[in-house]
Amino acid sequence: MARPRAADFEQHRDAILAMAARLFADRGYAAGSIADLAAACGVSKALLYHYYRDKEDLLFDIADRYIDSLQLIVDEVAVEDLPPAAHLRRLIERFMQAYEHAAAYHRVLVQDVKYLSAAHRRRVVGKQNRVVDAFAAAIAAVAPQLAQSQLLKPVTMTLFGMINWTF
């Protein structure tokens, strides 16, 4: 019979995830080891493996949870039912607020997704594409001339570049 999880399992998992995000953001995924993470967390490597199967599982959870948090912002702003310009402004404001408190997660998402397995990478990139598409739709609503233009994607990515480089 499997042992039940402790009541604080998710709390410990979240703390490990936050430390892993900082470690990978500072050193890069390839250079950050499980031993380094265990030392930073003040636990044994064996205990880390109780919470995460392997280093790639950690990377996936960092990227997947973070992109889910960005999608949640997109969804929350959508239900506000704002006029186009206010909607785009609100998306930008909310993303800037999120980025302010998630620099390590964001850096890992931008720099280290390439290390994920193909299946995990497809899942994360698919979610990223939905977030980008939501911004593109918001831009097209403000500037309808871009809606069917080949410039919509570059304009959208330029906006993300501006938001990303702010931090």
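Biologist: What should I know about the model first?

Modeller: It is predicted: local features need pLDDT of at least 70, side-chain atom pairs count only at pLDDT 80 or more, and totals for chains, interfaces and linings use all residues. Residues are numbered from 1 along each chain as its sequence is written, and side-chain values use heavy atoms, without hydrogens and water.

Biologist: At what angle do H4 and H7 pack?

Modeller: Helices are DSSP runs (H or I, at least four residues), numbered from the N terminus. Axes are lines fitted to C-alpha atoms over the stretch in contact, and angles run from 0 to 180 degrees between N-to-C directions. Angles under 35 degrees count as roughly parallel. Here H4 (residues 55–79) and H7 (residues 118–142) pack at about 20 degrees, axes 10 Å apart. H4 and H7 are therefore roughly parallel.

Biologist: Which salt bridges does Lys127 make with Asp64 and Asp68?

Modeller: A salt bridge puts a side-chain nitrogen of Lys or Arg within 4 Å of a carboxyl oxygen of Asp or Glu. Lys127 meets Asp64 at 2.6 Å, N to O. Lys127 lies in H7 and Asp64 in H4, so this pair ties together parts 63 residues apart in sequence. Asp68 also bridges to Lys127, at 2.7 Å, N to O. Asp68 is in H4, 59 residues from Lys127.

Biologist: Are Lys127 and Asp64 buried or exposed?

Modeller: Buried means under 20% relative accessible area, exposed over 50%, partly exposed in between (1.4 Å probe, protein chains only). Lys127 is buried at 13%. Asp64 is buried at 7%. Asp68, at 35%, is partly exposed.

Notes: Helix = DSSP H or I, 4+ residues; strand = E, 2+ residues; numbered from the N terminus. Parallel < 35°, antiparallel > 145°, perpendicular 65-115°, else oblique.
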